[in-house]
Amino acid sequence: MAPEYVEVWEEKKDGNGNDELEYQLSVSTAVDRVKTIINHYGVESVTLLTSFGVQSGAMLALVAEACPEVRVLFINTQGPTSERDLEYGRQVLDILGLNNFTVASADVTREEFRKGMAEVGITPDQNDHQNAFHVLSQDVFKVNPLMQECASSNVQCLLSGVRRGQTKDRDNFSFIQYSQGDPAKAHPILDWSDDDCLEFLQMKNIPPHPELSSLLEAINEPTNRSEESRTYRRTSSLRSRRVSRGSDKECGIHVQGERKSGRDPVPSLPNVVVGKIKCKFCIAAKELLTEFGIEYVEAPVHLFSHLIPAGMKTVPVVYLGKSMIGGYSKLCEYLEVEDTMNTKKESSAVLVTPTD
């Protein structure tokens, strides 16, 4: 059981319509924000999500001070720095005495993902597909492992070290954010600056991340950019670099779309066809979308089985505007065209063996 750290907060509003919990978090210190979240949800329902990046020691130290029983979750994305970051994270966890630790990862490898996406014509080195490849890879290697772990462990709230100034999306974050069908997300250091993080890490004797020195050099290095381009710069630059992500892009976890129903999955891109290359109904669905001028991204079912709703046994599964339409017959119904293929009950590739 978690100790009762914080007194019950008063029912107040800040005048802007925000709820009482948001108000309490906004007027508290970072460590008290963590304690408040733990009291509100219960220690068994709170998990600290960490990338073990350059500033990760700050949130780890806050959790160690507030309640070391809180679980720490690291998503192993199998990226080029994952093993390095995991090694650093284990070192910090040991120093802080945080023993409730879990690593989650995707069921497929990066090579399997690249091969599968190449088969549908999406590769990371094609300009017109770069964003789709990046977003879909985040879905497979970050978002889905996180959601699976949260569901299996009944996580009600995720603690995160995101800060305003890191990305445009995060500039508008609140201290507590709610998402229908998914855990709430709490941001105890949302209003911290780079200097706040560095000073706190030093005060807590957290060893520097392997990337910290090079990142600080890059932040302070004069650039040859024009005066106009220098007028806009993120106010928080203390964030691990990811070549595929870019300096002002989200990692995929913190800005997921809400579930539009309690059951159906939500894809990371608006229009998606989950299916098999040789499936005639998948081919017909794609041809129909093309005929109507609807752009879409093809997602191989063996990589995106998490986008198949519970109880559905066949492909394709078509999503438009992030809402599930269904199979080929449902797509015909949605587009108000005749279904000329289904003389029998709608059928297609069986998901029991989702590889071609």
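Is Glu 211 buried or exposed at 10% relative accessibility? Glu 211 is buried at that value. Buried means under 20% relative accessible area, exposed means over 50%, and partly exposed lies in between, using a 1.4 Å probe and protein chains only.

This is a predicted model, in which local features need pLDDT of at least 70, side-chain atom pairs count only at pLDDT 80 or more, and totals for chains, interfaces and linings use all residues. Residues are numbered from 1 along each chain as its sequence is written, and side-chain values use heavy atoms, with hydrogens and water left out.

## Salt bridges

The whole structure holds eight salt bridges. A salt bridge here is a side-chain nitrogen of Lys or Arg within 4 Å of a carboxyl oxygen of Asp or Glu. The table gives three of these pairs.

| Pair | Closest N to O distance |
|---|---|
| Asp 191 and Arg 33 | 2.9 Å |
| Asp 194 and Arg 163 | 2.8 Å |

Take Asp 191 and Arg 33, joined by a salt bridge. The two residues are 158 apart and link distant parts of the chain. Asp 191 sits in the loop between β6 (182-186) and α8 (194-203), while Arg 33 belongs to helix α2 (residues 30-41). Helices (H or I, at least four residues) and strands (E, at least two) are DSSP runs, numbered from the N terminus.

Asp 191 is partly exposed because its relative accessibility is 40%. Arg 33 has 3% relative accessibility, so Arg 33 counts as buried. Leaving out residues up to four places away in sequence, Arg 33 touches Leu 25, Ser 26, Ser 28, Phe 175, Pro 188 and Asp 191. Contact means heavy atoms within 4.5 Å.

Arg 84 is partly exposed at 28% relative accessibility, whereas Glu 211 is buried at 10%. A salt-bridge network links Arg 84, Asp 85 and Glu 211.

The pair of Asp 194 and Arg 163 is a salt bridge too. Asp 194 lies in helix α8 and Arg 163 in the loop between β4 (157-159) and α7 (168-171), so the bridge ties together parts 31 residues apart in sequence. Asp 194 is buried, with a relative accessible area of 14%. Arg 163 is buried as well, at 0%.

## Helix packing

Axes are lines fitted to C-alpha atoms, for helices over the stretch in contact, and angles run from 0 to 180 degrees between N-to-C directions. Angles under 35 degrees count as roughly parallel, over 145 as roughly antiparallel, 65 to 115 as roughly perpendicular and the rest as oblique. A crossing is left-handed if the near helix is turned anticlockwise from the far one by less than a right angle, and right-handed if clockwise.

Start with helix α3 (residues 56-66) and α4. Their axes come within 10 Å and cross at roughly 25°. That angle makes α3 roughly parallel to α4. The crossing is right-handed. From α3, the contact uses Ser 56, Leu 60, Ala 61 and Ala 64; from α4, Tyr 88, Val 92, Leu 93 and Leu 96. By class, the contact residues are seven nonpolar, one polar and no charged. Ala, Val, Leu, Ile, Met, Phe, Trp, Tyr, Cys and Pro count as nonpolar, Asp, Glu, Lys and Arg as charged, and the others, Gly among them, as polar.

Helix α3 also packs on α2. The angle is about 60°, and the axes are 9 Å apart. The two helices are therefore oblique. Their crossing is right-handed. Ala 30, Val 31, Val 34, Lys 35 and Ile 38 of α2 meet Leu 62, Val 63, Glu 65 and Ala 66 of α3. This contact has seven nonpolar, no polar and two charged residues.

The last pair is helix α11 (residues 280-291) and helix α12 (residues 328-335). Their axes come within 9 Å and cross at roughly 20°. These helices are thus roughly parallel to each other, and α11 passes α12 in a left-handed crossing. Phe 281, Ala 284, Ala 285, Leu 288 and Leu 289 of α11 meet Tyr 328, Leu 331, Cys 332 and Leu 335 of α12. The contact counts nine nonpolar, no polar and no charged residues.
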